[in-house]
Amino acid sequence: MYFFHEWLSAVAVGLFSLHVLQKLFFPYFWKDVTFLWKIITYGIKLELSKLTSKVVTVVDTFVEQAQRIPDKPFLIYEGVEHTYRDIDERSNKIANVFLKQGTLKKGDCVVLLMNNEPDFVSVWFGLAKLGCAVAFLNTNIKSKSLLHCFNCCGAKTLVVGADLMACLDDILPTLREDNIDVWVMKREIGGYAQVHTLLDQIDCALDQPVPASLRATTSLKTPILYIFTSGTTGLPKAAVITHLQTLKAAAGFWAFGGKEDDVVYIPLPLYHSAASMIGIGGTLQLGATCILKKKFSATKFWSDCRKYDVTIFQYIGELCRYLCNQPKAEGERVHKVRMGVGNGLRPDVWRDFHARFGEVRMCELYGSTEGNLCFMNHIGKLGVVGRSNFFYKLLFKYDLVRYDMVREEPVKDEHGFCQRVKKGETGLLLSKVSATSPFFGYAGSKQLTERRLLRNVFASGDAYFNTGDLMAEDQEDFICFKDRVGDTFRWKGENVATTEVTETLGLVPFIQEANVYGVEVPGHEGRAGMAAIIVRLGHEFNAKALFEHVVKDLPAYARPVFIRIQEFIEITGTFKQQKFQLVESGFNPSTISEPLYVVDYLQKSYVPLTDNIYQNILAGEQKF
């Protein structure tokens, strides 16, 4: 008996010692194991669907949920509940309208231009039930870009929200010439010849399901969505989204610990992958309820959360900053929100958000719409976008490589291969393209797809997706976002393509050349647009005319906030415009001798950037 007690004591001491060692040297072990187990089991499920050729798509899951919980609210929009059955039957009606029309067949692409509303989801699902791919258009899009989008994805049908009809005024004749079928979410329209009304057709349609064989697929790699992203090419690029990507995105809330009784708040635009693929997809994957907002409102956010008992909300970093900038009010911590899921949350805003609104678990994630890699901060550590470890690196091959900011290219060794950075150093994030992590590229252009790839990175013949992002991985394997490189920066939650802005400025009569880049503004997420311009010989700078031009031809987030007038624009050794020094110098009038201007929406012009205005910007008192 004595020896037995000794043995028990030794085991207890050993287990306690292991526990202490684990806490000291492997503090995240069990959280890592739990999270990785979820990822691996979900991945196995997807792989099995490849082997059995029985792919259960996001829409299949929605139909199953509509049968399982038909009367549960799926979407709540402007106070009105839409159950799983409601959206299922309405999407059936839309599918039947187009099936009867006979102009669409399985595999066709339809362009959707709508603001946030329940019918966005109904049209999306209705078309998916026919086996059609749907292209989501940014509602800020201008006429030239809109026409380009049709050419990218080969669509011959357009569905437009009732409140966006004005977007078609300039291009409707061209759409007719190109034989584009235009449908509007109205019962009656006047003055628009050869435009179909959809609501009256829906009223008369059957709500019976169309044959499931129409949407059935045997491949996870079948394109089902096209989501347009900004890039270095100027015009939007149609990222090819397959069933594989939508299924991975739909598992996001679940991977972070989302449950069926959660209420998800989505104030982001549905044409973004975050709101549609992660938000709507994640909600239906759980069988949860979504509060869908037409637009984000900082003044109504917390009252909405209390009214609807919201437990999860989606964000971008800018959204949280807007909430923190609101005047303090009573009862700000009185809510049931337990989790925020999104990206771009700055550490300082993160701290302020927690201090003011309570310890809401902020689940940062990282991944571009078209990318083949995703990081998830399942630990919830402040200021990081994700976490890696030995096992994660076995599953997902990525590397951080040295990057030359002046030459704007990866640093190569004597053999012509990229050089990995050391732990803690900043490097360009590259993700290996493989069978398990494919890159599907962009519709309509192999050239654009190839531009996002780096080949012969570490060995002859390999291929990596170039994220265009500078990241760092610390000693504990946490991933931190540092900056964006190249010709794209982020402002007001949108990607700004400098080439598109440059081309637009080039149409101004008095501008000879423009160099567009982003500069950091204290208190703001991302970078504000700034354009260094050369005034054409024999012309004068016209601030008011420039303002009118950018307001007319560019969406609000892409308009330059600052203008810098130069006599010449520096170029690199490879004849690229030099941006690095311009970005570094910022917009301080006391250190820049060249004329500087800032946008002023009250005066509807660009006005000289004085020291007084500069100080107001630093103090957060200047509105853009």
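**Notebook: cores, sheets and single residues**

I began with I280, which, leaving aside its neighbours within four places in sequence, is in contact with F74, L75, V121, W124, F125, I266, L270, A275 and C290. Contact means heavy atoms within 4.5 Å. I note that this is a predicted model, in which local features need pLDDT of at least 70, side-chain atom pairs count only at pLDDT 80 or more, and totals for chains, interfaces and linings use all residues. Residues are numbered from 1 along each chain as its sequence is written, and side-chain values use heavy atoms, with hydrogens and water left out.

**Cores**

I looked up the largest nonpolar core and found 106 residues in it. A nonpolar core is a set of buried Ala, Val, Leu, Ile, Met, Phe, Trp, Tyr and Cys residues joined through side-chain atoms within 4.5 Å. Buried means under 20% relative accessible area, exposed over 50%, and partly exposed in between (1.4 Å probe, protein chains only). The residues with the most contacts inside this core are F74, F125, I280, F313 and F353. Helix α5 (residues 118–129) gives the most to this core, with 7 residues. I also noted a second, separate core of 45 residues, which includes L505, V508, A528 and A543.

**The open sheet**

I traced an open sheet of 8 strands in the order β2-β1-β11-β10-β12-β13-β14-β15, with mixed pairing. β2 (80–83) and β15 (375–376) stand at the edges with a single partner strand each, so one side of each is left without a neighbour in the sheet. For the terms, helices (H or I, at least four residues) and strands (E, at least two) are DSSP runs numbered from the N terminus, and two strands pair if DSSP finds at least two bridges between them.

Inside the sheet I checked β13 (residues 339–343) and β14 (residues 361–366), which pair in the parallel sense over 4 bridges. G340 stands opposite M362 in β14. Helix α13 (residues 317–324) packs on the sheet and touches β12 (312–316), β13 and β14. The direction of α13 makes about 105° with that of β12; axes are lines fitted to C-alpha atoms, for helices over the stretch in contact, and angles run from 0 to 180 degrees between N-to-C directions.

**Two covered strands**

I then took strand β3 (residues 109–113), where 5 of its 5 residues are buried. Both faces are covered, with C109, V111 and L113 on one side and V110 and L112 on the other. β3 pairs with β4 (residues 133–136) in the parallel sense over 4 bridges, and C109 stands opposite A133 in β4.

Strand β20 (residues 426–432) is mostly covered, with 5 of its 7 residues buried. I found β20 paired in the antiparallel sense with β17 (residues 398–401) over 4 bridges, and with β22 (residues 463–473), also antiparallel, over 6 bridges. Y398 stands opposite S431 in β20, and the bridge partner of L428 in β22 is L470.

**Helix α18**

In helix α18 (residues 543–553) I listed the buried residues as A543, L546, F547, H549 and V550. They cover an arc of only 165° around the axis, which puts them on the same side of α18; the arc is that of the directions from the helix axis to the C-beta atoms. What covers them includes α17 (498–505), β26 (511–519), β28 (562–565), β29 (596–600) and β30 (605–608). N542 caps the N-terminal end of α18, with a side-chain oxygen 3.3 Å from the backbone nitrogen of K544.

**Single residues**

I looked up K144 in helix α6 (residues 143–153). K144 is exposed, with a relative accessible area of 56%. K144 and D553 are 409 residues apart in sequence and 9.3 Å apart in space, C-alpha to C-alpha. Leaving aside its neighbours within four places in sequence, K144 is in contact with L235 and E503.

D304 sits in helix α12 (residues 301–308) and is buried at 8% relative accessible area. Not counting residues up to four places away in sequence, D304 touches Y265, K293 and V310.

I checked two residues for positive phi. E78, which is not a glycine, has phi near 50°; E78 lies in the loop between β1 (73–77) and β2 and is exposed at 64% relative accessibility. D477 has a positive phi of about 75° and is not a glycine either. D477 lies in the loop between β22 and β23 (478–484) and counts as buried at 16% relative accessibility.

Methods
A polar contact is a pair of N or O atoms within 3.5 Å; within protein, one must be able to donate a hydrogen and the other to accept it, and residues adjacent in sequence count only if both atoms are side-chain atoms.
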